[in-house]
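Open the model in your viewer and keep the selection tool at hand. The tour has two stops, each built around a ligand.

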Amino acid sequence: MLIPCPWCGDREDAEFKYGGAADVAYPKDPGSVDDQAWAGYLFFRPNPKGRFPERWYHAAGCRRWFNLVRDTATHEIVT
Amino acid sequence: MRREGLAEPAQHPERLWRNPDPKPSYDVVIIGGGGHGLATAYYLARNHGLRNVAVLERGWLAGGNMARNTTIIRSNYLWDESAGIYEHSLKLWEGLKDDLDYDIQFSQRGVLNLAHSLPDVREGLRRVNANRLNGIDAEWLTPDQVKEFCPIVNLSAEIRYPVMGATLQRRGGIAKHDFVAWAYARKADELGVDMLQGCEVTGFDLQGDRVVGVRTSRGRIAAGKVALCAAGHSSVLASMVGVGLPIQSHPLQALVSELLEPILNCVVMSGAVHVYVSQAHKGELVMGAGIDPYNSYAQRGSPHVIEYQLAAALELFPVFSRVHVVRTWGGIVDVSPDASPILGLTPIENLFVNCGWGTGGFKATPGAGWVYAHTIANGAPHPLNAAFSLDRFTTGALIDEHGAAAVAH
Ligand SMILES: Cc1cc2nc3c(=O)[nH]c(=O)nc-3n(C[C@H](O)[C@H](O)[C@H](O)COP(=O)(O)OP(=O)(O)OC[C@H]3O[C@@H](n4cnc5c(N)ncnc54)[C@H](O)[C@@H]3O)c2cc1C
Ligand SMILES: [Zn+2]
C-alpha cells in the first residue's frame, strides 16, 4: 500500500506509523466530563467499512503527521 | 453414477446440513455463520431447547475468520475472568469429538510461549503462577528444557533475541478448523436449526428500543431475539441500530508452507519477535504474526508484515531456511481495547453481542457458544461472561490481556 505523504510523495506503508481515526479531540473541560463521555473519548472510535479519515506519521521519512481519507474496504486513498 | 468396467469413484460425502429457504420468523436469529455463530446455535438447541433458530451468513458457512485462523487452542490467560471462560472452552474441546460425533482432530501437543527478555521471563512466571492458582496446567521451562521439549528451536546465545525460557501449557494444541465448523453445523441442523447462506443482514426492524426482526438480502425475517456473531463486521452491524462498539477492524495475516515430514511436535509462539507456528496434521507449517496496524475490511494485509514474521521464524528455526511459502491470506479481526471479548447485552432490548475476540477467538469457539447461548436464552449473562459486558468500558473494569494475548492468540 502506497501512502501519499504531503511532503515526500507516495511511500510504502512500511515507512509509516498509523495513528488511527482523525479528529479525536481531547475533552474541552475534562473536569466536567462524565464516565460515558470519558469512555467515548478513550475507547470508542469510528470503525466504518468505507471512507475513513485517519492519521499517519511518516516515521522513517520526514517525521511529520498528516491526515488522509482512505477506503477501508478497498485500501484506495480518497484524498 | 456408476459405469460398467470403471472403478467406483470416491463417494461425495452426504450433505452435512440442509440448505433451506428462510422462514418468515424465528425465535432467535444469529447473524454470522462462523464458528461462534454455529456453536451458539448448537448450544441454544441442545442446552436450552430452542430449535426455531436461524444462522444468517452473508457468504458461505465458516468462510470468514473460521476458515483463516491458525487454530491455536490454549487457556493460559492472566486474569481470573479470562481463566474462567478460556478454561471452560478448553474443557469443552476435550470432549468435543464425542459430543459432536466428529473427529475434529483436536491434538493436545502443547503450546510454548517463548521469553526473550527479563520482562518476558517475569511476565511468563507470573502467568504460570496465576494459571496454577486458577487450576490451569502451566509450567515454566528453562532454555535446556525448551530444547528437550522442542529440539529444533534455536537456543544459541548469538541470536538477536535469545530464548531465555518459556511457558508451557501441555493441554494446549490445535484442531482442524473446517471440521469444527462442519461438526457444529451438522449437529445444529439435526436439531432443526436453519443455516441460511448467502443471506446478508442489511438492517434491523425496531419497535421503540426493542429489536423485532432483520432485513436481509433474502427478505425480512422476524425475530424474537437477535444475536450478533459477525467478528470483524460487528461495528458495521451495530452501527445500523446506533450502538457504538469499542472495536477496530484490522487485517490479520497467516501463511502455510508446502507439506513436510513431521518436524515440529508442538505449537511455538513468541510475542517478542512476532511469530507463532505449528505443523498441521497434513504436514504444512502454519504461521502467523501480529495484525496490520491500519483499519481494514479488505481481507488482505501488507507484504512486509509477512516478511518480518518469516525473518523471525528463520532465526528461531534455522531448519526452515529452505521451506517455501505456498499461500498467504488475511482475515479481518475485531480488536478490543483490552484484548478481551465483549459478550452480553446491548442497549437495544433482545439484541445481544459477541465480538472483540480479535486475534484469538478460535480457541473460544465452544466456550463462547456455550455462554452466549445461555445469555440469549435467559436474557442475562452466564456467570462466566458477566465480566465481559459492553459497559466495562464505562465503569473502567477492563480485563487487560495484552500480555497473555501476546502477538495474537
Ligand atoms: C489469520 C488469523 C489467524 C488466527 N489465528 C487464531 C489462532 O491461532 N487461535 C485462535 O484462538 N484464534 C485465531 N484467530 C481468531 C479467530 O479466527 C476469530 O476470533 C474467530 O474465528 C471469530 O469467530 P467466528 O469464527 O465466528 O468468526 P468468522 O468466521 O469471521 O464469522 C463471522 C461471520 O459473520 C459473517 N457476516 C459478517 N457480516 C454479516 C452480515 N451483515 N450478514 C450476515 N453475515 C455476516 C461473515 O461473513 C462471517 O462468516 C485468527 C484469525 C485470523 C484472521
Ligand atoms: Zn514524509
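For sorting residues by class, Ala, Val, Leu, Ile, Met, Phe, Trp, Tyr, Cys and Pro count as nonpolar, Asp, Glu, Lys and Arg as charged, and the others, Gly among them, as polar. Keep in mind that this is a predicted model.

Select ligand 1 and the residues around it. By that sorting, its shell holds 15 nonpolar, 18 polar and five charged residues. In total, 38 residues surround ligand 1, and the closest are Glu57(B), Asn65(B), Met66(B), Thr70(B) and Lys363(B).

Next, show the backbone atoms. At Gly35(B), a backbone N or O atom is 2.9 Å from an oxygen atom of ligand 1. At Val201(B), a backbone N or O atom lies 2.9 Å from a nitrogen atom of the ligand. Thr359(B) has a polar backbone atom 3.1 Å from a nitrogen atom of ligand 1. How much of ligand 1 does the protein bury? Taken alone the ligand exposes 1,000 Å², and the protein buries 96% of that.

Now colour chain B by element. α1 (35-48), α2 (65-68), β12 (248-259) and β16 (325-335) each give two or more residues to the shell around ligand 1. Colouring by domain shows that domain 1 and domain 2 of chain B each supply at least three residues to this shell.

Finally, move to chain A and select ligand 2, a zinc ion. Which residues coordinate the zinc ion? They are Cys5(A) (SG), Cys8(A) (SG), His58(A) (ND1) and Cys62(A) (SG), at 2.0 to 2.3 Å. The angles among the four donor atoms are 104 to 121°, and the site is tetrahedral. Along the sequence, the donor residues follow the spacing C-x2-C-x49-H-x3-C.

Terms used. Residues are numbered from 1 along each chain as its sequence is written. Chains are lettered from A and ligands numbered from 1 in the order in which they are written. This is a predicted model: local features need pLDDT of at least 70, side-chain atom pairs count only at pLDDT 80 or more; totals for chains, interfaces and linings use all residues. Side-chain values use heavy atoms; hydrogens and water are left out. A residue is near a molecule or strand if one of its heavy atoms lies within 4 Å of it. A polar contact is a pair of N or O atoms within 3.5 Å; within protein, one must be able to donate a hydrogen and the other to accept it, and residues adjacent in sequence count only if both atoms are side-chain atoms. Accessible areas come from the Shrake-Rupley method with a 1.4 Å probe; for residues, only the protein chains shown count as cover. Helices (H or I, at least four residues) and strands (E, at least two) are DSSP runs, numbered from the N terminus. Domain bounds come from an automatic or database domain assignment. Donors are N, O and S atoms within 2.8 Å of the metal (3.2 Å for Na, K and Ca); water is not among the atoms, so sites may look incomplete. Four donors count as tetrahedral if all angles lie between 85 and 135 degrees; four count as square planar and six as octahedral if opposite donors are over 155 degrees apart and all others between 65 and 115; anything else is irregular.
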